[in-house]
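Visitor: Good morning. Could you show me the model and take me through it step by step?

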Amino acid sequence: MPPRKIIIDTDPGQDDAVAILLALASPEDVTVLGVTAVAGNVPLPLTQKNALIVCELANMPDTKVYAGCDAPLARKLVTAEHVHGKTGLDGPQMDAPTMQLQAEHAVDYIIDTLREHEAGTVTLCPLGPLTNIAKAFQKAPDIVEKVQEIVLMGGAYFEVGNITPAAEFNIYVDPEAAKIVFDAGVPLVVMPLDVTHQALTTRARVDAFRALGTKVGDMVAAWTDFFERFDKEKYGSEGAPLHDPCVIAYLIDPTLFSGRQVNVEIETRSELTLGMTVADWWRVTDRKPNAMFMGTLNADGFFALLTERLARL
Ligand code: BDR
Ligand code: CA
């Protein structure tokens, strides 16, 4: 199979950064057409800068990076510095990027790219709030049917929520955008917390990154060391979940994951459960399935793949 053409829509974030590195290290599986930044973990000026930093770290300065929306469709931005630090990529010391952003707005880039490519040949990989994708669908409804698939990190069923008791961060930040995307009728694969909480950075796994003896290995180990402190304290877990790389790992080896094709609705009205992904996991309604909602991960296989690919950079 030829590599899948993808656009990574992201709010880096250490786990986003690892996802971008995994994609850039895997040209036989994915061709990264572009990276689009969105406000999320930290405000847009930082997420766009972090996207550039990561592409430079991968030694791929020709990667096209676009700045997108700086606020959710209908709400004030909520950020997650308490997890990712002030810069979004806290942990190791990093130089300012020398790479430049592309001039085009991310939303227009997504629209133009889908229009230029044959229908069913471009996959969208959202790793943050869904603002850019929803805006593109609103602005250019003709592109919706051209999307091959959306594979995203967001939501939860069994794990319920991380930013509120009921909601996962990416969906909570822009629930209106999430609703547009989940209702669009595009083939959708969802990596919820149920899966990503199985991708834990145990000491042995972080040591394996460090043992690569490369700048990338050291950076990834230092990032995980930094954001681990939050999850260890919160969940009492052995490490932190590497949420966003699950999206890219799925494109490389879908057999690492299993899930169910179910209906998922987004709560946009209740203050108490805003941003909840109401997944009909047990199929108790007759609502039409609209997403492949993942439930399990082969975590050892996932980390073996990730470590092997990062070693290439
Ligand atoms: C998601 O929120 C962000 O903090 C992470 O980067 C990930 O995309 C997990 O809830
Ligand atoms: Ca993210």
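Visitor: Which strand gives the most to the lining of the second largest pocket?
Guide: Strand 2 does, contributing 4 residues. Helices (H or I, at least four residues) and strands (E, at least two) are DSSP runs numbered from the N terminus. You are looking at a predicted model, in which local features need pLDDT of at least 70, side-chain atom pairs count only at pLDDT 80 or more, and totals for chains, interfaces and linings use all residues. Residues are numbered from 1 along each chain as its sequence is written, chains are lettered from A and ligands numbered from 1 in the order in which they are written, and side-chain values use heavy atoms, with hydrogens and water left out.

Visitor: How many residues line the second largest pocket, and which lie nearest its centre?
Guide: The lining consists of 14 residues, and L24, T31, V32, L33 and T63 are the ones nearest the centre. Two elements, helix 1 and strand 2 (30-37), each give two or more residues to this lining. On a 1 Å grid over the protein atoms alone, a pocket is an open set of points where a 1.4 Å probe fits, with protein on both sides within 12 Å along at least five of seven lines; lining residues have an atom within 4 Å of a point.

Visitor: And what about the largest pocket, which residues are nearest its centre?
Guide: V83, H84, N162, F169 and H243 lie nearest the centre of the largest pocket, out of 23 lining residues. At least two residues each come from helix 1, helix 3 (81-84), helix 6 and helix 10 (215-235). Helix 10 supplies the most, with 5 residues.

Visitor: Helix 1 again. How many of its residues are buried?
Guide: Helix 1 is mostly covered, since 11 of its 11 residues are buried. Buried means under 20% relative accessible area, exposed over 50%, and partly exposed in between (1.4 Å probe, protein chains only). The buried residues of helix 1 run through Q14, D15, D16, A17, V18, A19, I20, L21, L22, A23 and L24.

Visitor: Which residues of helix 5 are buried?
Guide: In helix 5 the buried residues are T131, N132, I133, A134, A136 and F137.

Visitor: New topic: what are the protein donors of the calcium ion?
Guide: For the calcium ion (ligand 2) they are D11 (OD), D16 (OD), D16 (OD), L127 (O) and D244 (OD), at 2.3 to 2.6 Å from the ion. Donors are N, O and S atoms within 2.8 Å of the metal (3.2 Å for Na, K and Ca); water is not among the atoms, so sites may look incomplete.

Visitor: How are the donor residues spaced in sequence?
Guide: The spacing for this calcium ion is D-x4-D-x110-L-x116-D. D11 sits in the loop between strand 1 (4-10) and helix 1 (14-24), while L127 sits in the loop between strand 4 (122-126) and helix 5 (131-139), so the pair ties together parts that are 116 residues apart in sequence.

Visitor: Are D11 and L127 buried or exposed?
Guide: D11 is buried, and L127 is buried as well.

Visitor: How many aromatic pairs are there in the whole structure?
Guide: The search finds 8 aromatic pairs. Rings of Phe, Tyr and Trp (its six-membered ring) pair if their centres lie within 6.5 Å; planes under 30 degrees apart count as stacked, over 60 as edge-to-face and the rest as tilted. One such pair is F158 with W281, which is edge-to-face, with 5.6 Å centre to centre and 80 degrees between the planes.

Visitor: What is the geometry of the F209 and F303 pair?
Guide: F209 and F303 make a tilted pair, 6.4 Å centre to centre and 40 degrees between the planes. F209 belongs to helix 9 (residues 203-210) and F303 to helix 12 (residues 299-310), so this pair ties together parts that are 94 residues apart in sequence. F209 counts as buried at 0% relative accessibility, and F303 also counts as buried, at 4%.

Visitor: Which residues form one aromatic cluster?
Guide: The cluster is made of Y157, F158, W281, W282 and F293.

Visitor: Last one: where is T98, and is it buried or exposed?
Guide: T98 is in the loop between helix 3 and helix 4, and it is exposed, with a relative accessible area of 65%. From T98 to Q48 the separation is 50 residues in sequence and 13 Å in space, C-alpha to C-alpha.
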